[in-house]
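Me: I have a structure open and would like to go through it with you, a bit at a time. Could you keep the answers plain?

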Amino acid sequence: MSDKSNATDKKLKQAIDARMAVEDARKYQVDTLSDFSAKLSLSCKGLDTELDNRLAKFRAALIKGVSFEDLSPLISETIVLLKNQESVQLSQQRDLYSSVQSAGKQLQKTKGLPEDTRRTLRHLLDHEINQVHSTHDFIPLLDQLISFYHQTLSLKLESASDDECTATPELAQKLLKLANELVLEDEATEEIKYIKNCITESDTLDALLKASINIISVIVKNINKERKSAQSFLSSLNQTLEDLHHSIVSTSKHSKSMEVEFDVLNKSIESKIKNLNVQTQNATSISSLKELVDNELKSLSEDFIAKEKLERTDREMLVSSFDEINGRIGSLESKLTKYKKRLNEQRFKSLLDSLTKLPNRAAFDERYNHEIHLFNVQSSDVTLAVIDVDHFKSINDRFGHTAGDITLQVIAKALQKSVRKSDFIARYGGEEFVLLMPSTSLINATAPLDKLRKIIKSIPFKFKDKQIEITISLGVTQLKKGDTPIIAFDRADDALYEAKNTGRDRLCISK
Ligand SMILES: Nc1nc2c(ncn2[C@@H]2O[C@H](COP(=O)(O)OP(=O)(O)OP(=O)(O)O)[C@@H](O)[C@H]2O)c(=O)[nH]1
């Protein structure tokens, strides 16, 4: 009997070890999936605020280690949001198409349109604009460019003479303003720069007409390229998440059915051991006891064999589903790297800062160089301000990086809302912003800039139930004859340094 009991012990131990191996494999699988899903969700940060929040919740749930059953609804909600993103883009595209089509048709009907312009316009409407995958941001600009064209053409037709008609400086300035609103990718920068120089250097209506058509062509060409890559990223990401969802649900279902079978077996083993106990106590002779124990152990042994078999099947199924998921994760991860690269390129190309949605440093450099070029040609006043958030490091240190990020977004929004339409505000990097104020002298810039300082100071920031006052320091200068971009920027930076060293929350000027 002691041999049999040893054998039972051994079987029990084997059963426990096998179970632990299954649990370890499952834990490893869950950890790998969680890690991958977290990385995946980070890759689409910045596309949409609601999607960002949902993904942040999803990542938090993964870190906390909630069960698959609880994760499942979060994934379903995320998939819905991703699908929404796709349909939002599609409807924006449709809006853009019909808006531009109707403006274009109106133009086509206009008498006196030069033949080559009519051809260019036809080509734009028929072959290019309907392929544009754009956001709403560009629709007003395209509309304005087309109505600018309309207005300029009417002026040309009104003048009876066949000679080249001179454009007023205001008209050229209007087109330049529209061109300045363009925030496009690298390759287009040179094209836009060339067009802007043509506008400033030529004073005929024909030159303005040509320039406005050229700007429309550049926009159409570039938006199309950018949006295509974003859209394909979104739909692939959506597919990827759906695949993961299915894997999780099927693994979870499989585990549940196994648990039921294990439960039945465990209960049977338990009741047999109990029964053995009772019968042992009731036995009247050694021989009947021996027979009884033999029978019960035989039956128990059969249960153990069944249990072992079940565990082996469970382990094999887990290993094979794990291998399959692992393979899929491998291929998804390499896809993800590609999408991320493409998305980063797209962000870079769009020249918009992904956190604050303000123009980024590259966009600022482009605009700044152009303002310096204009200043050298026209000598109109331009003020430059470098703005830095005070003690920003302590916000991160005390309330965390996410609070820091939100702070930057709120400040960026307030700055954008408070500057004039003709001003150009950008995030230069970190907690530093730059502001260009064309046609504004240093004297006239001081009051609005100081108002800007007060606006930021009055924002009621609240972290961890604590009311926090956040201030900015400003260094300001005005472009001077002979300035290079670096010389003028350094002057504003020196003024900012002075503002920081004399107590912060102030504006200093460098003449
Ligand atoms: N949350 C967040 N922090 C950022 C970002 N970019 C830069 N920072 C942080 O901004 C802080 C800037 O710190 P410092 O240059 O020491 O300046 P400061 O604390 O603002 O102090 P003063 O400028 O001297 O008033 C650093 O801790 C950076 O890590 C960002 O995008 N998000």
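Me: Let me start with a helix: which residues are exposed on the other side of α13?

Reply: This is a predicted model, and in it I443, A447, K451 and K454 are the exposed residues on that other side of α13. The side they are set against carries the buried residues of the helix, which are L442, A445, L449, L452 and I456.

Me: How far apart are the end C-alpha atoms of α13, and what span should its residues give?

Reply: Helix α13 runs over residues 442-457, and its 16 residues should span 22 Å at 1.5 Å a residue; the end C-alpha atoms are 22 Å apart, so the two values agree.

Me: Where is K357, and what is its phi?

Reply: K357 is found in the loop between α9 (286-350) and α10 (361-378), and its phi is near 65°, again a positive value in a residue other than glycine. K357 counts as partly exposed because it has 14 C-beta neighbours inside 10 Å.

Me: What is P438 in contact with, apart from its neighbours in sequence?

Reply: Once the neighbours within four places in sequence are left aside, P438 is in contact with E371, V382 and S422. Its C-alpha atom is also separated by 8.3 Å from that of F424, a residue 14 places away along the chain.

Me: Changing topic to the ligand: how many residues surround it, and which are the closest?

Reply: There are 16 residues around the ligand, and the closest are D390, F392, K393, G404 and G430. By class, this shell has 4 nonpolar, 5 polar and 7 charged residues.

Me: Which element gives the most to that shell?

Reply: Helix α12 gives the most, with 4 residues. At least two residues of the shell come from each of β1 (382-389), α11 (392-399) and α12 (401-418).

Me: Now the confidence. Where is it lowest and where is it highest?

Reply: The lowest is helix α4 (residues 115-128), with a mean pLDDT of 61, and the highest is strand β6 (residues 472-478), at 98. Over the chain the average pLDDT is 76, with 63% of the residues scoring at least 70. Residues 131-136 stay under 50, and the model has 19 contacts for them beyond four places in sequence.

Me: What ipTM and pTM does the predictor give the complex?

Reply: The complex has an ipTM of 0.96 and a pTM of 0.46 from the predictor.

Me: One more helix: which residues are buried in α6?

Reply: In α6, the buried residues are A172, L175 and A179. They cover an arc of only 65° around the axis, and so they lie on the same side of α6. Helix α6 has 12 residues, 169-180, and reaches 16 Å from its first C-alpha to its last, close to the 16 Å expected at 1.5 Å a residue.

Me: And for the whole chain, how many helices and strands are there?

Reply: The chain has 14 helices and 7 strands. Of its 511 residues, 28% are buried. Among contacts between residues at least 6 apart in sequence, 74% join residues at least 24 apart.

How values were computed: Residues numbered from 1 in each chain as written. Predicted model: local features only at pLDDT ≥ 70, side-chain atom pairs only at ≥ 80, totals over all residues. Near = placed C-beta within 6 Å. Nonpolar A, V, L, I, M, F, W, Y, C, P; charged D, E, K, R; others polar. Contact = placed C-beta atoms within 7 Å. pLDDT = per-residue confidence, 0-100. Expected span 1.5 Å × (residues − 1). Buried ≥ 20, exposed ≤ 12 C-beta atoms within 10 Å, placed from the backbone. Arc of directions from axis to C-beta.
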